[in-house]
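Subject: Structure for you to look at

Hello,

I am passing on the structure we talked about, and below it I describe what was found. Please keep it open while you read.

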Amino acid sequence: MENNVLTPGLADAMVRVTELAAIAAAGEVGRGDEKKADAAAVDAMRTAFNAVDFKGRVVIGEGERDEAPMLYIGEEVGTRTGPEIDIALDPLEGTTLTAKAMANALAVLAISPRGGLLHAPDTYMDKVAIGPGYPEGIINLEATPAENITALAKFKGVPVSEMTAMVLDRPRHEDTIASLRDVGARIALITDGDVAGIIATTNPQAGVDFYVGSGGAPEGVLAAAALKCVGGQMYGRLIFRNDDERKRASRVGITDFDKTYSLNELASGDTVFCATGVTNGSLLDGVKHGGGRVHTHTLVMTSADGMVRYVRSDRRS
């Protein structure tokens with residue numbers, strides 16, 4: 001696999017893609033229509049991709065072709081000239097957040113040279129993640145959440161009471177939350193958006209030490225692509241609730257339904273990760289209009305050099 005295809009110019013092009021998707025979605029903030037907000041982001045992202053000189057292939061998208069008219073898994077985008085690139089995307093992570101004008105909605109994508117991202121099916125995934133600075137293997141999916149956060153506290157040399165775990169606020173996580181509280185850990189609950197939740201473990205200002213819980217498998221690959229850029233750790237295991245979900249996995253080449261994936265198996269190639277804020281959040285500011293201009297705030301990470309940049313753009317409305 002070539003490692004030099006993710007050029008700075010291609011990374012900048014991906015910034016424009018998420019910016020335009022975020023601007024389109026922002027027009028639907030607070031209007032109560034999740035599907036319309038998502039459709040606006042999808043349409044804008046697809047149009048932006050098709051202006052980029054690359055041979056793009058969506059490996060994680062809005063769903064399979066019969067379920068998603070645009071940006072479906074397997075769709076080819078770009079001008080069809082240039083490097084062969086695999087794309088994982090979520091044009092609007094936080095459709096409910098957008099419809100209700102709540103915090104932390106994002107337009108998100110990750111790219112890698114062809115074959116560099118796990119083709120995760122649209123199922124759930126158990127996930128644990130931490131930021132950089134810990135020894136390899138300090139967390140794992142076989143340990144309980146309490147055991148994982150206790151191990152992290154011991155390495156840091158602090159009591160567990162000074163550790164914070166971020167968890168998606170869902171009934172399925174009641175036992176996880178209870179076990180963490182039983183050992184004295186703080187819990188930061190989020191209503192949606194576990195890509196942003198996992199990325200929070202990499203930002204010391206966010207105060208999040210550990211992410212745990214089940215959420216979308218596609219979002220797991222997106223988060224892994226981001227973590228790869230800064231040296232975090234993540235493990236994921238697919239959850240199958242029925243035979244239809246196993247068939248989806250088989251169609252994308254997954255045969256071991258019990259496999260635990262490490263970060264470097266979720267994102268095996270070099271990656272570029274981009275996220276633009278749609279609404280204000282802990283990670284990024286949302287889209288703002290004023291004086292005939294539109295302002296965006298984007299996070300872009302590149303694994304080849306470990307670069308993390310925040311980009312503020314200003315363009316005509």
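Strand β13 (residues 293-302) has 8 of its 10 residues buried, so it is largely enclosed by the rest of the structure; buried means under 20% relative accessible area, exposed over 50% and partly exposed in between, with a 1.4 Å probe and protein chains only. Strands (E, at least two residues) and helices (H or I, at least four) are DSSP runs, numbered from the N terminus.

Please note that this is a predicted model, in which local features need pLDDT of at least 70 and side-chain atom pairs count only at pLDDT 80 or more, while totals for chains, interfaces and linings use all residues. Residues are numbered from 1 along each chain as its sequence is written, and side-chain values use heavy atoms, with hydrogens and water left out.

Two strands pair if DSSP finds at least two bridges between them. Strand β11 (residues 272-277) pairs with β13 in the antiparallel sense over 5 bridges, and T276 stands opposite T298 there. Strand β12 (residues 288-290) is joined to β13 by 3 bridges, also running antiparallel, with H295 as the bridge partner of K288; the hairpin of β12 and β13 has 2 residues between them, and G291 in the turn has a positive phi of about 60°. With strand β14 (residues 307-316), β13 pairs in the antiparallel sense over 10 bridges, and in this hairpin, which has 4 residues between the strands, G306 takes a positive phi near 65°.

Elsewhere, E93 is found in strand β3 (residues 84-93) and counts as buried at 4% relative accessibility.

Best wishes
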